[in-house]
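Hi there,

Here is the structure I promised to send over. My notes on it follow just below.

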Amino acid sequence: MRRLFVAALLMGTMSAGAQSLVSENVFKVITTLAKVRSNRFATPSPAGKLRKAGKPVAFYIGDSTMRTNSDGQGWNGQWGFGLFAQEWFDADELVVENHGWGGTTSETYYTGKWAAVKSGIKEGDFVVIDFGHNDKSADVFETYMNKYIDEVRALGATPILCSRTPRCSSGKPSADNTYRPRGIAVAKAKGVSYIDLQAQAMPMYTAFGTWKTTQFYQDGKLHTSLLGAWHNAYCHALAIAADKDNPLYPYLKDTTPAKMDIERQAS
């Protein structure tokens, strides 16, 4: 199933402006599989609902780049990478719950959503923390990163910080030079792992070129299409695979991308 989904995504995108690039059958495959995943991995309530007996849960918290809309589905064309995070982990050993919420900052999520997520966290669980797109102050961001880390640890769980997803400008990915360094500094000071999604995505997206990278974004700058959400989830997995000390590393599946055999003939 995963190899089929990767192959389909490599051929197309969900953004309205690019649908003409995708055959009708491929488009149906993408949307059908995405619907299965959105129904399965939309934010569960109460937190921890998807837990398997004796197995940990990885709670993902963040903004709309992680999870769009109240139901976690992207039928407005915008998709968050948290929807696909489970694809890269062994679901028999680790359950991912996507608790991101569109429009939130590190502070507003803490004051509005965090208590409900905390109620489901148990000893041995993980919490992946990814904010910055909506934050207006790096100092406030740093304050709340520390709060999340301390509170997760107090519950006997493991906090993990994650970089923002790349933004886009005229089809070119743009780096985060504010919240990423602050997050890295906090992670180092507190002794927690940092998932450097940006470090994996920037060179990959740059190499793809403007035409392809543009298709990753539903709005041309921030919110991702289905294809973009998938690629961000993949870069997230690659970042974990690059760090054997990351506590999520033992749960990863093979991150080698699927390949398609294509026979080319001269016209």
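Cys168 counts as buried because its relative accessibility is 8%, where buried means under 20% relative accessible area, exposed over 50% and partly exposed in between (1.4 Å probe, protein chains only). Cys235 is buried too, with a relative accessible area of 0%. A search of the whole structure for disulfides (a pair of cysteine sulfur atoms within 2.5 Å) finds zero.

Before going further, please keep in mind that this is a predicted model: local features need pLDDT of at least 70, side-chain atom pairs count only at pLDDT 80 or more, and totals for chains, interfaces and linings use all residues. Residues are numbered from 1 along each chain as its sequence is written, and side-chain values use heavy atoms, with hydrogens and water left out.

Now for the chain as a whole. The protein chain has nine helices and seven strands; these are DSSP runs numbered from the N terminus (helices H or I, at least four residues; strands E, at least two). Of its 267 residues, 54% are buried.

One helix I looked at in detail is H7, residues 197–208. Its 12 residues reach 16 Å from first C-alpha to last, close to the 16 Å expected (1.5 Å times one less than the number of residues). Leu197, Gln198, Ala201, Met202, Met204 and Tyr205 are the buried residues of H7. Among the elements covering them are strand S4 (158–162), helix H6 (179–190) and helix H9 (226–241). After H7 comes Gly209, with a positive phi near 95 degrees.

Best wishes

Technical notes. Contact means heavy atoms within 4.5 Å.
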